[in-house]
Amino acid sequence: SDVRGFTTISEALSPEKLTSILNEYFTPMTKIILDSNGLLDKYIGDAIMAVWGAPIPMENHADKAVASSLKMLDELEVLQKKWKSENLPFLDIGIGLNTGDMVVGNMGSDQRFDYTVLGDAVNLGARLEGINKNYGTRIICSEFTKNALKEPHKFIFRELDNIQVKGKNEPVRIFEIMRFKEMDRQKALELVRLFEEGLALYRAQNWKEAIHKFKEAIRMNDGKDPPSEEFIERCNYLKEKGLEKDWNGVWVFKTK
């Protein structure tokens with residue numbers, strides 16, 4: 001996970017106040033990770049790196065990671081209200097989740113080492129965190145995390161895209177993990193349906209109908225749905241640019 005606009009926030013606050021806010025933020029987030037038997041790997045500035053499934057194996061590590069991510073957003077909402085009452089800057093986060101084979105153990109130098117995870121699967125998780133910015137989402141997971149879930153029915157996923165991140169040759173399907181109040185479950189499911197219908201039309205290069213479907217999703221969601229807005233912009237761009245008939249629908253990211 002990573003704090004959005006942290007550099008801007010840090011410029012507006014004294015080092016002491018910034019430290020106080022970060023500590024206030026890190027404390028409940030860390031508790032959520034530890035309460036779910038996750039491993040807090042490290043803090044990297046304002047980022048948190050956490051692992052489920054090591055050092056103690058667990059069958060439902062993907063479920064724990066997804067559930068913890070949603071709880072982190074719930075807890076952040078409480079903090080945001082408190083900070084607003086204190087006239088402090090608005091702080092938001094993005095979360096990226098990936099599941100796969102990793103090298104796990106003590107790594108470092110002869111002088112100092114840490115217990116951590118390394119590998120391509122770790123790097124993809126970090127990339128997905130940053131990619132939230134492109135879709136206006138807050139939690140993105142890979143198809144590998146979604147497929148590893150033991151109880152997928154507990155969550156609602158929206159397929160966002162088929163992407164190729166910088167430094168990787170193989171595309172990966174990515175999903176938004178939807179956060180909603182229980183009373184809004186049907187609304188969330190309807191939003192997913194409309195968006196994914198638009199996504200299918202987009203992949204078929206039916207730009208006009210895709211835009212119509214994305215606009216329906218926006219209207220249904222009280223006039224705001226950042227992923228739909230992103231795809232309307234993309235449809236208009238691709239309509240003007242033109243594509244080969246064998247276009248495979250993969251969106252290539254040139255930057256991290």
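Arginine 203 is partly exposed, with 28% relative accessible area (partly exposed lies between buried, under 20%, and exposed, over 50%, with a 1.4 Å probe and protein chains only). Its side chain forms a salt bridge with that of glutamate 159 at 3.0 Å, N to O; a salt bridge here is a side-chain nitrogen of Lys or Arg within 4 Å of a carboxyl oxygen of Asp or Glu. The pair joins strand β8 (residues 157–164) to helix α6 (residues 185–203), across 44 residues. Glutamate 159, at 11%, is buried.

The model is predicted: local features need pLDDT of at least 70, side-chain atom pairs count only at pLDDT 80 or more, and totals for chains, interfaces and linings use all residues. Residues are numbered from 1 along each chain as its sequence is written, and side-chain values use heavy atoms, leaving out hydrogens and water.

Within helix α6, arginine 193 and glutamate 197 are 4 residues apart, about one turn of the helix, and their side chains meet in a salt bridge of 2.7 Å, N to O.

The axes of α2 (residues 15–35) and α3 (residues 61–85) come within 9 Å and cross at roughly 150 degrees. The two helices are therefore roughly antiparallel (an angle over 145 degrees).

Methods: Axes are lines fitted to C-alpha atoms, for helices over the stretch in contact, and angles run from 0 to 180 degrees between N-to-C directions. Angles under 35 degrees count as roughly parallel, over 145 as roughly antiparallel, 65 to 115 as roughly perpendicular and the rest as oblique.
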